[in-house]
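Hi,

Here's the structure I promised to pass on.

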Amino acid sequence: MDYDKINWLDANCKDAPSELFYPVVTEDDRPDDGLFADTVDFYAEGKVYCASCPLREQCLAYAVENRERYGLWGGLSPLERRRIDRRARRLRLRERRENETKQRQNHAYDDTLDASDFDFDE
Ligand code: SF4
């Protein structure tokens, strides 16, 4: 995707307060279990902007491709983006393993063939 061609001035968030997309999180905001503040939805207000944004798809793709660690992009928080990134990596890994298995099976099949498998007189 050519991100230089995206007109970010079309973004719903262009005049929105930046803290809706980059919330300031303090120790007090962390839940008692010590998990990162992302587990609490600090991005709810920002997500309202993203929900109808014409650039949502490109925004999310940019963030995932560039591994943006912070902020709300394409309507997803950092934790939500990490989840889809991990899922995509797992799918790619599974696909690669399946391809490798198929290649090994094809080689095994090739190894079982010899000249007697072919009728050269035809
Ligand atoms: S999708 Fe991206 S560009 Fe659109 S409002 Fe949300 S953060 Fe802004």
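**Around the ligand**

The shell around the ligand divides into 10 nonpolar residues, three polar and one charged (nonpolar means Ala, Val, Leu, Ile, Met, Phe, Trp, Tyr, Cys and Pro; charged means Asp, Glu, Lys and Arg; the others, Gly among them, are polar). A caveat before going on: this is a predicted model, with local features needing pLDDT of at least 70 and side-chain atom pairs counting only at pLDDT 80 or more, while totals for chains, interfaces and linings use all residues. Residues are numbered from 1 along each chain as its sequence is written.

Of the 14 residues around the ligand, Ala11, Cys13, Cys50, Cys53 and Cys59 come nearest (near a molecule or strand means a C-beta atom, placed from the backbone, within 6 Å of it). Helix H1 (44–51) and helix H2 (56–65) each supply at least two residues of that shell. Helices here are DSSP runs of H or I with at least four residues, strands are runs of E with at least two, and both are numbered from the N terminus.

**The chain as a whole**

There are three helices and zero strands, so the order from the N terminus is simply α-α-α. Of the 122 residues, 11% are buried (20 or more other C-beta atoms within 10 Å of the residue's own; 12 or fewer is exposed, in between is partly exposed, and C-beta atoms are placed from the backbone).

Cys50 is found in H1, and it counts as buried because it has 23 C-beta neighbours inside 10 Å. Cys13 is 37 residues away from Cys50 in sequence, yet their C-alpha atoms are 7.5 Å apart. Beyond its neighbours within four places in sequence, Cys50 is in contact with Asn12, Arg56, Leu72, Gly74 and Gly75 (contact: C-beta atoms, placed from the backbone, within 7 Å).

Cys50 also belongs to the largest nonpolar core, nine residues in all, with Tyr43, Leu55, Cys59, Leu60, Ala63, Leu72, Trp73 and Leu76. H2 gives the largest share of this core, three residues. Such a core is a set of buried Ala, Val, Leu, Ile, Met, Phe, Trp, Tyr and Cys residues joined through C-beta atoms within 7 Å.

**H2 and what follows**

In H2, the buried residues are Gln58, Cys59, Leu60 and Ala63, and they pack against helix H3 (78–112). Just after H2, Arg67 takes a positive phi of about 50°.

Cheers

Terms used. Two residues are in contact if their C-beta atoms, placed from the backbone, lie within 7 Å.
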